[in-house]
Amino acid sequence: MHVLVTNDDGPPGEESPFVDYFIHALKEYTDWDISVALPSSQKSWIGKAHFIGKTMAASFITPSATPGEPFEGPYEVKKDTGADEWVLVDGTPASCTQVGLHHLFADKGPVDLVLSGPNYGRNSTALFILSSGTIGAALEGALCGVKSIGLSFAYNTREHVPQHIHNACKVSVQLIKHLYEHWPIDDSVDLYSINVPLVGDLSDKTKIEYTHILPNRWGSAFEVVEDNALTRTAAGNLLERTETIEPEIDIETGKLRFRWKPNLKAVQDGVSEQPSGNDGWSITQGNISVTPMKANYQCASQYTGEIHLLPDMSPLDISSSFTAVITYPPESYIYPLLISNIRRIAPSARIVTDVNDAILRTESPENVFHYGDYETLNFDRLMLCRNNYLACSYIYRKALIRKNFLAHTIETYCIKKRDSILKTHFPESYQLEIDYAEYLDEMLDDIYEFRDQLAEESTWWILKPSMSDRGQGIRIFRTVDQLYEIFESFEEDEDVDVEQEESSDASQSFQSSNSVFASQLRQFTIQRYIIDPLLLQQYDNRKFHIRTYVVAEGALKIYVYREMLALFALLPYERPTFDNCEKLESHLTNTCIQGDLRNEGSVRKFWSLDGFDKESVYSQICSITSEVFKAAVSLGRLHFQPLPNAFEIYGFDFLIDSDLNTYLLEINAYPDFAQTGDDLKDLVDGLFKSVITTIVIPFFDDKHPTKCSTNTAIACSGSNKSSNELTLVLDQDISGAW
């Protein structure tokens with residue numbers, strides 16, 4: 001995780017006594033990759049300003065290993081000796097955030113969190129927050145789309161005790177970790193303002209509470225100063241006179257001069273007269289104040305009550321060492337996401353991209369984390385080297401990822417377990433094995449239950465080739481004659497010249513991308529078509545399905561990634577009829593087949609949708625996911641073999657009907673992450689961050705603190721999600737089979 005630290009007080013010193021203690025605590029209690037960009041001098045009370053028209057310059061310092069001791073520098077050219085170097089920018093705090101995010105540390109990958117502070121003094125109430133350079137720097141980060149936190153230490157004396165500063169920094173790091181790991185996913189919070197009292201009895205037991213900004217007011221913040229209120233010393237320096245001078249215009253110069261002199265004591269006295277719940281009042285009571293904010297200085301008012309932290313932290317010990325072998329092309333969608341997450345979370349890991357590197361050989365003794373295409377994995381080593389080779393895929397998992405095998409797995413399981421949720425949340429399915437249309441009658445005799453329903457012509461069905469993906473070959477039908485025509489069309493497609501398939505017509509373009517040849521097909525799955533999907537008026541009543549990323553770890557834990565996608569069909573939904581059933585643009589939600597026709601709203605974040613109970617849907621998804629893996633392992637190990645030194649990310653597709661019943665449609669191995677698009681890439685980035693943190697690091701280093709419960713559990717609600725957005729839905733130890 002890459003964190004940018006800035007402030008408005010400048011480099012360590014008399015005017016900035018906390019920043020080196022804070023960064024020392026970040027390194028002691030987290031494994032975060034810390035980058036530092038500070039104003040070159042004190043820039044308090046400047047808000048979120050930028051100096052337009054000014055060319056800023058950067059210099060560097062080497063901080064002392066001991067907080068509170070002098071730093072080395074500044075110097076103009078980075079030394080790159082391996083020691084920590086901080087950047088000083090002769091600009092505003094907001095400008096430090098800007099150049100820190102976009103220029104200074106680009107080689108370290110995207111910044112995940114901006115931390116501004118700790119400010120030398122409180123930043124509570126509107127009068128302080130609206131002028132604060134500390135909050136301004138955090139606000140700049142939020143406006144750049146990065147989670148941001150402004151931190152301020154409220155002191156009662158300038159005689160600071162180093163241990164008190166250390167305690168404040170430690171508690172602050174605990175709180176920051178908590179806020180980051182539980183950041184609301186509904187975009188209700190852009191940044192937080194934290195105020196910590198710098199007192200001797202501060203600890204992780206100190207009350208922490210959500211607060212709102214006190215909208216206070218003040219009078220004049222300046223006083224008039226005349227030229228004759230100044231006198232010169234023998235050395236020529238100007239000094240203020242102590243006697244009171246009436247504020248009159250100086251006769252000689254005609255200039256009025258104003259001196260900064262706010263009555264801050266009156267401001268603080270006014271806070272104590274206000275009711276509880278605001279940030280100013282909270283800090284006067286010795287509490288820690290946490291104010292959730294939007295990036296427009298408004299409070300996120302729905303957050304109230306206390307915040308409870310986990311037990312006391314201990315210094316983090318990261319001694320894991322492994323080599324990450326990433327055998328994806330550098331230009332692929334996920335390559336930079338994998339590389340940046342590894343560098344942030346496991347900076348000591350070596351990265352190899354050559355599939356022929358000697359480290360991949362079975363006899364290699366080195367610890368290897370291998371993420372690559374299925375064909376590039378070393379399955380001999382996967383079976384033989386259980387302790388030093390972690391691969392991103394199981395070997396056998398047809399029970400899940402082949403449509404016909406999945407349907408058989410669920411059907412068999414539900415015969416044994418009649419009360420399973422899969423019985424009512426997986427569409428009625430049949431398997432069809434056929435080479436050519438002329439054999440259809442014979443094949444239908446083998447599935448007479450389906451043949452009898454088809455003869456009634458009262459139900460719509462969807463046909464899916466079991467071995468194809470990306471939406472290819474999918475058709476909907478209601479009669480035997482339509483099914484004949486579908487198979488005949490597959491055979492005809494083989495004879496169509498490629499040039500004749502090209503057309504500027506949107507419908508033809510969509511259909512051609514959905515075509516498939518009969519020679520590619522043999523096995524099909526037929527499912528009852530859900531004709532009443534949930535439709536949302538604000539999204540033009542277009543049908544959508546939910547793409548959920550599910551992570552299987554070892555033998556066997558199953559996690560559901562809470563951040564999900566909604567993938568929309570190209571056109572508004574129409575119930576199927578004999579006239580429109582061949583126009584699949586309103587029925588198929590797979591964005592792969594939309595090609596250049598795909599519009600801006602085809603992929604959205606699930607939690608951003610409105611108009612239905614999303615938590616209920618998520619609870620169903622967790623329960624269905626848990627049950628389908630139970631079904632897979634219940635049938636023996638022939639078609640699903642979890643291995644202790646492997647994990648795999650699956651793409652589960654779900655559909656919601658108009659009654660908010662959620663159905664599992666299919667499961668995909670190696671899901672096409674690129675369909676997420678560049679605008680929502682942060683969702684996939686967060687998935688890889690969670691996988692590396694929760695699975696990869698602990699595999700190679702059992703000292704590393706894992707972030708998910710290891711208790712057998714079915715966590716079927718958002719309230720049980722782990723700190724990194726992976727919900728543990730199944731923990732079933734089947735490793736004894738190995």
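**Salt bridges, pair by pair**

Mentor: Start with Lys-79, which is partly exposed at 40% relative accessibility. Keep in mind that this is a predicted model. The partner of Lys-79 is Glu-72, and their side chains form a salt bridge with N and O 2.2 Å apart. Glu-72 is partly exposed too, with a relative accessibility of 39%.

The general idea is simple. Oppositely charged side chains can pair when their charged atoms come close. Across the whole structure, the search gives 19 salt bridges.

Next, take Asp-84 and Lys-27. They form a salt bridge whose closest N and O atoms are 2.0 Å apart. Asp-84 is in the loop between strand S4 (72–75) and strand S5 (86–89), while Lys-27 belongs to helix H1 (residues 19–29), so this pair ties together parts 57 residues apart in sequence. Lys-27 has a relative accessible area of 36%, which makes it partly exposed.

Now Asp-190 and Lys-294. The closest N and O atoms of this salt bridge are 3.5 Å apart. Both partners sit in loops: Asp-190 between helix H5 (162–181) and strand S8 (191–197), Lys-294 between strand S14 (288–293) and strand S15 (323–327), so the bridge ties together parts that are 104 residues apart in sequence. The cut-off for a salt bridge is 4 Å, so a pair at 3.5 Å counts. Asp-190 has a relative accessible area of 21% and is partly exposed. Buried means under 20%, so Asp-190 does not qualify as buried. Lys-294 is partly exposed as well, at 24%.

Some charges link up as a group. Glu-223, Arg-259 and Lys-261 are joined in a network of salt bridges.

Finally, look at a charged residue by its contacts. Arg-344 belongs to helix H8 (residues 335–345). Its relative accessible area is 1%, so Arg-344 is buried. Leaving out residues up to four places away in sequence, Arg-344 touches Met-1, His-2, Asp-31, Asp-33, Lys-108, Pro-110, Asp-112 and Asp-685. Take Lys-108 from that list. Arg-344 and Lys-108 are 236 residues apart in sequence, yet their C-alpha atoms are 7.4 Å apart in space.

Terms used. Residues numbered from 1 in each chain as written. Predicted model: local features only at pLDDT ≥ 70, side-chain atom pairs only at ≥ 80, totals over all residues. Heavy atoms only, no water. Helix = DSSP H or I, 4+ residues; strand = E, 2+ residues; numbered from the N terminus. Buried < 20%, exposed > 50% of the residue type's maximum accessible area, 1.4 Å probe, protein only. Contact = heavy atoms within 4.5 Å.
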